[in-house]
Amino acid sequence: MEQVAHDRAKREESSSQVPLGYSVADEETEWLQSFLLLLFRSLKKHPPLLLDTVKNVCDILNPLDQLGIYKSNPGLIGLGCLVSSIAGIITVAYPQMKLKTH
């Protein structure tokens, strides 16, 4: 992610023209768009990281509901548990998809 961000910063420095009608809101949405694009590219290049991220997002739904932080319906909780279980099965069936920590 750092390398992609560094390359993007270099490209932006080379084209330092400010377009007409530029505002602070454009800067904030541009930052969010660039962050989401960087996240998407990083997850696309590293499938084990994508799988682990999806599993962790699904695993957080139930505690958030139980603690009353984010109320959701039982169907969403069940779907999150199902997706998390499938992601766990994939990591067992395909060891190369397990996120390696060095």
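Author: Two ground rules come before that. This is a predicted model, where local features need pLDDT of at least 70 and side-chain atom pairs count only at pLDDT 80 or more, while totals for chains, interfaces and linings use all residues. Residues are numbered from 1 along each chain as its sequence is written, and side-chain values use heavy atoms, with hydrogens and water left out.

Reader: How many helices and strands are there in the protein chain?

Author: Elements here are DSSP runs numbered from the N terminus: helices are H or I with at least four residues, strands are E with at least two. This chain has four helices and zero strands, giving the pattern α-α-α-α along the sequence.

Reader: And what share of the residues is buried?

Author: The cut-offs use relative accessible area: buried is under 20%, exposed is over 50%, and partly exposed lies in between (1.4 Å probe, protein chains only). Buried residues account for 14% of the 102 in the protein chain. As for surface area, the Shrake-Rupley method with a 1.4 Å probe is used, and for residues only the protein chains shown count as cover. The chain's accessible surface is about 8300 Å², with 64% of that belonging to carbon and sulfur atoms.

Reader: Where does S72 lie, and why does S72 count as buried or exposed?

Author: S72 sits in the loop between α3 (47-66) and α4 (74-93). S72 is buried because its relative accessibility is 16%. Beyond residues up to four places away in sequence, S72 touches D65 and I77.

Reader: Next, how many salt bridges does a search of the whole structure find?

Author: The test is a side-chain nitrogen of Lys or Arg within 4 Å of a carboxyl oxygen of Asp or Glu. The search turns up one: D59 with K55, whose closest N and O atoms are 3.2 Å apart.

Reader: Which residues gather in the patch of positive charge?

Author: Patches take residues with over 30% relative accessible area and no salt bridge; like charges are joined within 9 Å, and nonpolar side chains (Val, Leu, Ile, Met, Phe, Trp, Tyr) within 5 Å. Lys and Arg count as positive, Asp and Glu as negative, with His and the chain ends not counted. A charge is placed at NZ of Lys, CZ of Arg, CG of Asp or CD of Glu. Here the positive patch is R11, R41, K44 and K45, and helix α2 (residues 24-45) supplies the largest share, three residues. K45 is exposed because its relative accessibility is 61%.

Reader: And which residues form the nonpolar patch?

Author: L67, I69, Y70, L76, L79, L82 and I86, with about 710 Å² of accessible area together. L67 is in the loop between α3 and α4, and counts as exposed because its relative accessibility is 66%.

Methods. Contact means heavy atoms within 4.5 Å.
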